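Let's take a look at how charged side chains pair up in a protein model. Have the sequence and the 3D view open as you read.

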Amino acid sequence: MSMVVGEALIDIVTAADGTTTEYAGGSPLNVAVGLARLGRPVEFVTRIGEDARGRMILDHLAASGVRVASGSMSAESTATARATLDPTGAATYEFDLEWALPAPAWASTPELVHTGSIAAVMEPGCAVVADILYRLRSSATISFDPNVRTALITDEVRARERIEHLVSMSDIVKASDEDLAWFDPTRDPVDIARDWLALGPAVVAVTKGSEGAFAVCAAGVVEMAAREVQVIDTVGAGDAFMAGLLDGFWSQGLLGAKHPGALRSLDPARLRTVLANAVLMSALTVAKAGADLPDRETLDREARILQ
């Protein structure tokens, strides 16, 4: 079992031609959906309202096989994010949400716990998220994606402190080059990734958009080129990469407390295989509108074609 903790919301996406479409979204939700569509059991701890948009999110999660944790429908209204696309498909966001997560009760003890984005830095729910990771870190693999939303950060110093704290508790960290540029614009992303690795994770992976991705581990740095696809939009691209990354480690048998030290002894060849899975997952997502992550059949078929 895996558990994803974080925000769920409705993306109100306005395309470059002015047309508007609503999708269920939120970075943690997308990761939960991505894992479930790949056949991984997922329980999602979140906070949505008992309104039409909340029901839209529940239907979306149910259709992908995600179990929603008890108590998740506790908000007065469901959060929204207005995403405006430029002619290249890149998105900018404006948010309408609050993040106050009650102490959750999950159905079973997970072997993987993932969180990130707004849930990791926004008061008051971020404190509950950090406590969940602290309580489960001895029995589960912890993964984290800061997925920085600058529009919601009012105290940058405190936000950086929170991010570093979660990095230190995590086994797998994924960030974008834009996240790292916000974190420290004066330094090379590889150097920041190495610094984060020294805080505690076994792997730090960094996406670079059309330039691909790289990851650092104790054995060194592994780079992976991007897949060439016709980009429809970039909504959910990083979340798809995160889901593909976790799925790749899952397939390698490297997750959970029953594999102590397995991630720490990761060799570059196995890391390259995992990165290839993540990059392909992201490429298949940006080739479709919205955060429509591929299922196992699609991912495996495309992987075979590329071999």
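Which residue forms a salt bridge with Arg264, and how far apart are the closest N and O atoms? The partner is Asp171, and the gap between those closest N and O atoms is 3.3 Å. This pair ties together distant parts of the chain, 93 residues apart: Arg264 sits in the loop between helix 8 (237–251) and helix 9 (268–286), while Asp171 sits in the loop between helix 5 (156–169) and strand 10 (172–176).

Before going further, a word on the ground rules. What you're looking at is a predicted model, where local features need pLDDT of at least 70 and side-chain atom pairs count only at pLDDT 80 or more, though totals for chains, interfaces and linings use all residues. Residues are numbered from 1 along each chain as its sequence is written, and side-chain values use heavy atoms, with hydrogens and water left out.

Now for the terms. A salt bridge here is a side-chain nitrogen of Lys or Arg within 4 Å of a carboxyl oxygen of Asp or Glu. Helices (H or I, at least four residues) and strands (E, at least two) are DSSP runs, numbered from the N terminus. Buried means under 20% relative accessible area, exposed means over 50%, and partly exposed is in between (1.4 Å probe, protein chains only).

The structure has 17 salt bridges. Here are three of them, with their N to O distances:

| Pair | N to O distance |
|---|---|
| Arg264 and Asp171 | 3.3 Å |
| Arg187 and Asp195 | 2.6 Å |
| Asp247 and Arg296 | 2.4 Å |

Shared partners join Arg40, Asp247, Arg296 and Asp300 into one salt-bridge network.

And the cysteines? The structure holds 0 disulfides, a disulfide being a pair of cysteine sulfur atoms within 2.5 Å. Cys126 is buried at 5% relative accessible area, and Cys217 is buried at 6%.
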